[in-house]
Amino acid sequence: MKIEANCKINLGLDVLRRRDDGYHDISTVMYPLRGLYDVVEVEAVPSADTAELVSLGMEVDCPAEKNICLKAYELLRRRYGIGGVRITLDKRVPFGAGLGGGSSDGTAVLVALNEVFSLGMDEAALIAAAAELGSDTPFFVRNTPQLCEGRGEIMSAVDVDLSGWWIVVVKPDEGVSTREAYAGVTPRVPARPLAERIAEPVERWQGSVVNDFESSVFASHPAIGRVKRSLLDAGAVYASMSGSGSAVFGLFDDGGRAESLRGMTPYIYRL
């Protein structure tokens, strides 16, 4: 079974408070970016009793045994006793970018294994399994605009439609680890919840729908902040860092202005 495992962007990201378990409560809207995806293929291998991972495309700086695709397989192998498989990952989404490419890959493997081995997992079961792999992994089970709260795993549908807008995604050379991003952030509860601010027109988002990681990340990685400024100067109606970075995206209502940035990045799509 072959799946186009698309990535996501974060429309706003409020870091509300630090929890007793060491995690943070957040509020963010995750939006699927279907034009940018990895290709994940899962094939049953009856003669095997484990998983083989074949990597294509971008080289991933991660030991094979720590790859989320294999973690997803091991999770369902322990739970359902499934047989051997070959997982082929054609990596196209930049990693270490805050785009959720790895999380999407892990969820794609869960979905594919459910089909290949006829496990009968419904949406709730897939979401629960995905939550064991990561905080934003469950989003990709639904793969529709969701208001994500708690660690990111508590989801509710949100009415956000960016159809017709152009998006430009820029991945700077430098990266930002999730640990670094959270270490620098100052939790706060905004006066107006994100669900209220995101309901306004896109033209009113800038300065209102914010990513709380930006302040500290831009201070330690000025080049990332300059990318955001470049997108706004080029005519983006809204620009923001996605997740904990380092990717920055801009929303354009003019395709010509978006395409003028083709020399900066190949990741330009009409939503």
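Colleague: To begin, is Cys-69 buried or exposed?

Modeller: Cys-69 is buried, with a relative accessible area of 0%. Buried means under 20% relative accessible area, exposed over 50%, and partly exposed in between, with a 1.4 Å probe and protein chains only. Please note that this is a predicted model, in which local features need pLDDT of at least 70 and side-chain atom pairs count only at pLDDT 80 or more, while totals for chains, interfaces and linings use all residues. Residues are numbered from 1 along each chain as its sequence is written, and side-chain values use heavy atoms, with hydrogens and water left out.

Colleague: And how many disulfides are there?

Modeller: A search of the whole structure finds zero disulfides, a disulfide being a pair of cysteine sulfur atoms within 2.5 Å. Cys-7, for instance, is in no disulfide, and the nearest cysteine sulfur, that of Cys-148, is 15 Å away. Cys-7 is also buried, at a relative accessible area of 0%.

Colleague: What about the largest nonpolar core; which residues have the most contacts inside it?

Modeller: They are Val-40, Ile-87, Leu-110 and Leu-113, in a core of 31 residues. A nonpolar core is a set of buried Ala, Val, Leu, Ile, Met, Phe, Trp, Tyr and Cys residues joined through side-chain atoms within 4.5 Å.

Colleague: Which elements give two or more residues to this core?

Modeller: These are β1 (2-18), β2 (24-44), α1 (68-80), β4 (85-91), α2 (101-116), α3 (123-131) and α4 (139-142). The largest share, six residues, comes from α1. Helices (H or I, at least four residues) and strands (E, at least two) are DSSP runs, numbered from the N terminus. Apart from this core lies another, of 29 residues, among them Ile-9, Val-29, Leu-99 and Tyr-269.

Colleague: Which residues does Leu-113 touch?

Modeller: Not counting residues up to four places away in sequence, Leu-113 touches Val-42, Ala-72, Tyr-73, Leu-76, Ile-82, Val-85, Ser-118 and Leu-119. Contact means heavy atoms within 4.5 Å.

Colleague: Let us stay with α2. Why is α2 described as largely enclosed?

Modeller: Because 12 of its 16 residues are buried, α2 is largely enclosed by the rest of the structure. Leu-110, Ala-112 and Leu-113 are among the buried residues of α2. What covers the buried residues includes β1, β2, α1, β4, α3 and α4.

Colleague: How far does α2 reach from its first C-alpha to its last?

Modeller: It reaches 22 Å, close to the 22 Å expected at 1.5 Å a residue; the expected span is 1.5 Å times one less than the number of residues. Just after α2, Ser-118 takes a positive phi of about 50°.

Colleague: Which way do the residues of β7 point?

Modeller: Trp-166, Val-168 and Val-170 point one way and Ile-167 and Val-169 the other way, and all are buried.

Colleague: How many bridges join β7 to β9?

Modeller: Five bridges join β7 to strand β9 (residues 248-252), and the two run antiparallel; strands pair if DSSP finds at least two bridges between them. In β9, Phe-249 stands opposite Val-169. Strand β10 (residues 267-270) is joined to β7 by four bridges, also antiparallel, with Tyr-269 as the bridge partner of Ile-167.
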